[in-house]
Structure formats: structure tokens, C-alpha cells
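Subject: A structure for you to look at

Hello,

Here is the structure I promised to pass on. Please open it first, and then read my notes alongside it.

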Amino acid sequence: MALDFTIRGWHADFNPADGPAPHQVPKNLLRRLNPLARRAFRAIDGCIAPGEALPAVFSSSHGQIADSLALLQTLQAGEDLSPAGFSLSVHNAIAGLYSMVYAHRLETVALAPGAGGVGPGFIEALGLLGEGHPEVLLVFYDEALPDFYPNTGYRLSAPGAALALRLARGGAGLVCRFERLAEPRGDGEQPLQLPALVEFLFDTRAELRLGENGQGWLWQKR
């Protein structure tokens, strides 16, 4: 089944992890953002205005995995965990901070697509549009895996990135169609697919094909 939607805005962040602070995060919450969260909120800054609140889907293959690893190493050393450090290491931590920063109480989904790539994020976001929400914020973010993890199949080709998209059922913007391909593809996990998705948004290509883990997806500009 093909699904039509409109991208009303997007913003990609490839700044260094310790780049500028996001503008819309209050100072009392800034200190709670690790480098990955700062990158995600800089991308969000480019998509929604202060005071706006949209239902959102947050998609990350590994989340704040460097923080999680540091906590495990702390336990291994027999030391006590920081409650704040633990709360900010869970997979929905950035989604929770989004609710606090924008004071919204709408639906928020924290997705871990694993090897599924960027397709599952679009499925969730378009599902929210199908439920009647006029607009949805879709945020992809990932950081480089720590060297501790030996599986080269999951190595990132970039030091991490974030992309926020503002999707709508219609209206002004880039009109697209999303559908499943008959044949699976092997484009790697989400962090490896994200640069191709950003290039598709900025250049004149009419379509994009991505997939992994037995799935394939097609995006077409209409």
C-alpha cells in the first residue's frame, strides 16, 4: 500500500557532537543533554517554532549507547550508579526531554529499529497521521558506537547525525509517496541510511530506495 504525505520542513545536524547549544532548550535543561541529545534538539530547532507542540516519533538504532556502556563499566567496577545518569541513558530519554522542553502531552513514540533502517520511523509517523493528527515530528538520531562493540557490521560511517522532519497529511511542502518494495535491500542500519535520506531531500532525485533486514522501501517525490 502506498502512502502519500507532505514534508513541510526538515533540518539535518551534522555538527560536531559538542557543537552549539540548541536554542529552544531552557538553560535548566541544557545541562541534562548529552552530545547526542544536543544534536537531536538542534535538528528539532529547525523544524518547530517556540511554543509549538507536535506528536513525535524518535528513532535511533542504539540510542545513547555510550552512556549505557559507561554505566555498565561503573557497575563492573563496583561503584554506585548516578540516578540522573541512568535516567538519561534509557532509549526514551530524549523523547521525554522533548515533552519537557515543549510542554506537550501529545503522543510520543521512542523507536529502536535495530537493523530496520529509516523505514520503520516513517511507518510509525505515517501511522500517527493516519490516526488523524494533522502534523507529526519525525526525528532520527544516532551516535558512533564505542570501540567496545566489535561487530563491524554495525559500525557507523559518520561520527553521528540527526535529522528532524515535519510531516503532514497535505498542504504546502514536498509531496512524497512511501511504499514497500517487492525486493529486500542491504543498505545497512539507520545511521548508514541517514546520509542518503538527507541527500534525497536536498537534491533533485525523484526517488530513493533503502532497506535492510529483509525489507525494502521506496520514497518518491510527487
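A residue is called buried when its relative accessible area is under 20%, exposed when it is over 50%, and partly exposed in between, with a 1.4 Å probe and protein chains only as cover. Helices (H or I, at least four residues) and strands (E, at least two) are DSSP runs, numbered from the N terminus.

Some background first: this is a predicted model, in which local features need pLDDT of at least 70 and side-chain atom pairs count only at pLDDT 80 or more, while totals for chains, interfaces and linings use all residues. Residues are numbered from 1 along each chain as its sequence is written, and side-chain values use heavy atoms, with hydrogens and water left out.

Let me begin with helix α5. Of the ten residues in α5 (residues 93–102), seven are buried: Ala-93, Ile-94, Ala-95, Leu-97, Tyr-98, Val-101 and Tyr-102. Their cover includes α1 (27–30), α2 (35–45), β2 (56–59), α4, β3 (108–111) and β4 (135–143), where contact means heavy atoms within 4.5 Å. After α5 comes Ala-103, which has a positive phi near 50°.

Next, the sheet. Its eight strands form an open sheet with mixed pairing, in the order β3-β2-β4-β5-β1-β6-β8-β7; two strands pair if DSSP finds at least two bridges between them. β3 and β7 (207–210) are at the edges with a single partner strand each, so one side of each has no neighbour in the sheet. On average, neighbouring strands are turned by 25° against each other, direction ignored. β7 and β8 (residues 217–221) run antiparallel and are joined by four bridges, and Glu-207 has Gln-220 in β8 as its bridge partner.

Two helices lie across this sheet. Helix α6 (residues 119–130) lies across β1, β2, β3, β4, β5, β6 (174–180) and β8, at about 160° to β4. For these angles, axes are lines fitted to C-alpha atoms, for helices over the stretch in contact, and the values run from 0 to 180 degrees between N-to-C directions.

How many salt bridges are there? The count is ten, taking a salt bridge as a side-chain nitrogen of Lys or Arg within 4 Å of a carboxyl oxygen of Asp or Glu. One of them joins Arg-8 and Glu-135 (3.6 Å, N to O). This pair links strand β1, which holds Arg-8, to strand β4, which holds Glu-135, 127 residues apart. Arg-8 is partly exposed at 44% relative accessible area, whereas Glu-135 is buried at 14%.

Another salt bridge joins Asp-13 and Arg-39 (3.8 Å, N to O). Asp-13 is in strand β1 and Arg-39 in helix α2, so the pair ties together parts 26 residues apart in sequence. Asp-13 and Arg-39 are both buried. Glu-207 also forms a salt bridge, with Arg-209, the closest N and O atoms being 2.9 Å apart. Glu-207 is partly exposed at 32% relative accessible area, as is Arg-209 at 37%.

Finally, take a look at Phe-202 in helix α7 (residues 190–202). Phe-202 is exposed, with a relative accessible area of 58%. The C-alpha atoms of Phe-202 and Trp-10 are 9.9 Å apart, although 192 residues separate them along the chain.

Best wishes
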